[in-house]
Amino acid sequence: MAEPYVTVCACTYRRPEGLRALLGGLAAQRFEAIAPPRTEVVIVDNEGSAAARAVCDQVGQATGLAIRYVHEPRHGIPFARNACLDHVARDASFFAMIDDDEVPEPDWLEQLLLAQVRVDADVVRGAVVPVFPDGAPAWIRNGDFFGWPKQRRAGAGMALADGAELASASSNNVLVRAAAVRALGLRFDTTLQFTGGTDALFFRQMKLAGCRIVYAAGARVREAVPPQRATFRYLWRVHYKQGCNKVPRKLRLVMKGTGPSRFVRIVAKRIPRECAEIGGGALAVARPLISGHADMGRLSDGLLRIAKGLGGLAGLIGMRFAHYR
């Protein structure tokens, strides 16, 4: 492999200790199968806090890690992500994205680069392993609600294969060919300022443009799950948000240059799907209740399907869920 140049990007907002752990993990990257790439780190702070800037300065001085601190004053994840794009080095071969509540494994970046060169991929998505707080309920720990890829709880042998082709990706563990993004002129959609999902839309657009997205099972990051997220209330909000906000993302992919009749057809297809999601969730809740074996582990799947279906119906009538405001 010719020596690549990688800009590692992360957005941060009011998580100085998480940022410190992330930067420590980036400073500890090791390379055994390939020569160490030329790297720099771009941290985009969506708050502009003195604490985040100080963490960048301290870790940079202590480790020698090349860190560039950027303040993005416009609030919202897509603005921060676009600021990352703006600060990717012009001669960078790739940029990687990771979150400020994650810590990469020591061979994280090497595994992403090895997966990329194997198939000449434009995008490589790695695995996210959740780390739960003490006292997190067992049904949440075992429920496959956090992390990625999701293991299908219907049975064994359903795990995503290393090197599998993907339809999209996420910005919490990904390597991207910089030239492909520049050629397409892609940006994160700022009209979805607080709803989330702009990364899934961004990478779906890359896929539709012919880019290749693959999974690297060995490129792992550990994601901290705070106590306030290890609750049913939080999971309900997330699933409702996913249902509510998927319609506007879909419309942005398919409605360019089309008339209102296309919109009507999409809505007509979605209504029975969302109703089926609600009905299927209700049945999944009813079964354990009738059998007398009801607990949150058995009830949660059905309840969260109902949340997603209700969100989907709300999205069809124009409602938006500002999950990140």
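Contact means heavy atoms within 4.5 Å. The model is predicted: local features need pLDDT of at least 70 and side-chain atom pairs pLDDT 80 or more, while totals for chains, interfaces and linings use all residues. Residues are numbered from 1 along each chain as its sequence is written, and side-chain values use heavy atoms, without hydrogens and water.

**Exercise 1.** Determine the strand order of the open sheet and its edge strands.

*Solution.* Strands are DSSP runs (E, at least two residues; helices are H or I, at least four), numbered from the N terminus, and two strands pair if DSSP finds at least two bridges between them. The order is β3-β2-β1-β4-β7-β6-β8-β5, with mixed pairing. β3 (67–71) and β5 (102–104) each pair on one side only, and are thus the edges. Within the sheet, β1 (residues 5–12) and β2 (residues 38–45) are parallel over eight bridges; Tyr5 has Arg38 as its bridge partner in β2.

**Exercise 2.** Describe how helix α2 packs on the sheet.

*Solution.* Helix α2 (residues 50–63) touches β1, β2 and β3. Its direction makes about 170 degrees with that of β3 (axes fitted to C-alpha atoms, for helices over the stretch in contact; angles from 0 to 180 degrees between N-to-C directions).

**Exercise 3.** Examine the contacts of Trp108.

Conventions:
Lists of a residue's contacts leave out its neighbours within four places in sequence.
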